[in-house]
Amino acid sequence: MSTIRPVQWGFAGTGSISGSMASQIANSAISKAAAVSSRSPESAKAFAATHGIGKAYDSLDGMLADPDIEAIYIALPHALHKSAILAALDAGKHVLCEKPMALNAGEVAEIAAHPRAKSLMVTEGFMVRYQPQWEWIEAQIADGALGTVKQVTAFTALQLPPPAVDPARGTLAGDRSLLLDIGCYSVHLVRTIFNADPLRASAVIERDPLTGLESFIKASLDFGGRYADIIVSNALRRGRRIHVLGSAGILEIMTPIHTPPTGAKVLAALVGDGNADPVEQFFPSVEQYGLQMDDVSRRIRAGEQPRVTLANALGNARTLDAIVASAGANGAWAEL
């Protein structure tokens with residue numbers, strides 16, 4: 001029996017998501033956490049010790065210079081994503097970068113224009129695509145079980161703690177753009193449901209009067225006579241739902257992003273059911289991050305395109321940019 005040589009991954013960043021990824025590939029036969037980098041040597045060494053990683057670097061450049069490292073997993077602050085991706089491509093490394101790939105469509109386009117972007121793997125980390133429920137949902141839509149999807153409504157609310165201040169810079173620390181950090185999921189998922197990019201967006205963004213950060217976002221996306229409405233808030237009671245309305249069926253996706261330990265549930269009334277009550281579809285909880293990295297590793301070895309392509313990442317970034325542009329124009333439609 002032939003075996004596939006594990007891809008040697010370098011982890012850029014030691015935050016909680018990096019920790020989840022490292023834990024979930026600990027026993028993988030195709031992905032190996034071989035190195036980690038952080039601007040804090042102590043953080044890199046502690047992360048390496050916790051996850052059994054053999055090499056710890058105090059800089060991304062040092063890890064990129066390691067000839068044994070084949071691919072880089074980037075889980076850094078959003079503002080550092082573009083420069084880290086370009087540096088990895090310069091070094092001839094494949095890239096899996098946490099969402100969002102970059103701050104805007106211009107930065108994603110710059111990544112896509114890199115001479116090595118076509119020969120190396122470069123993909124945006126939407127681990128949500130590795131839930132069994134989403135494979136089932138995509139199959140139902142593709143098979144016509146909902147008829148023509150006319151409307152999608154996505155609601156995400158969570159309560160975030162007050163932002164910390166970075167004492168070295170005197171500014172807010174971390175990634176606190178509600179649209180880029182949380183809203184990007186809804187945008188990606190409604191684009192997945194329609195299997196298309198919207199033509200235009202209309203949006204309102206409210207900001208916290210003390211911090212100036214986004215606190216409430218409402219966006220409407222026009223997919224050419226088919227529509228999506230997205231609401232994202234960090235000031236409402238926690239909750240997440242996506243409703244998909246088709247000409248012959250509906251779906252209510254109860255846990256669209258992170259699957260709880262008890263599993264995921266979708267309420268489905270599909271074509272042929274008539275007026276019957278929706279049927280509950282259950283899906284097991286899975287290690288989404290590990291499944292994602294293993295899929296990327298397999299595709300690296302097979303020379304295949306990633307599930308989330310650069311073109312897809314660019315479409316998501318363009319949609320997010322249009323939402324921002326519309327909000328700045330008092331909700332006027334902004335074309336992509």
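**Exercise 1.** Which elements are included in what covers the buried residues of α1?

*Solution.* This is a predicted model: local features need pLDDT of at least 70, side-chain atom pairs count only at pLDDT 80 or more, and totals for chains, interfaces and linings use all residues. Residues are numbered from 1 along each chain as its sequence is written, and side-chain values use heavy atoms, without hydrogens and water.

Step 1: find the helix. α1 covers residues 16–24. Helices are DSSP runs of H or I with at least four residues, strands are runs of E with at least two, and both are numbered from the N terminus.

Step 2: pick its buried residues. These are Ser18, Gly19, Met21 and Ala22. Buried means under 20% relative accessible area (1.4 Å probe, protein chains only).

Step 3: locate their side. Their arc around the axis is only 165°, so they lie on the same side of α1. The arc is that of the directions from the helix axis to the C-beta atoms.

Step 4: read the cover. It includes β1 (7–12), α2 (41–51), β4 (71–74), β5 (94–98) and α8 (288–302). Contact means heavy atoms within 4.5 Å.

**Exercise 2.** Describe the fold of the whole chain.

*Solution.* Step 1: count the elements. The chain has 9 helices and 17 strands.

Step 1: check burial. Of the 336 residues, 50% count as buried.

Step 2: look at contacts. Among those between residues at least 6 apart in sequence, 66% join residues at least 24 apart.
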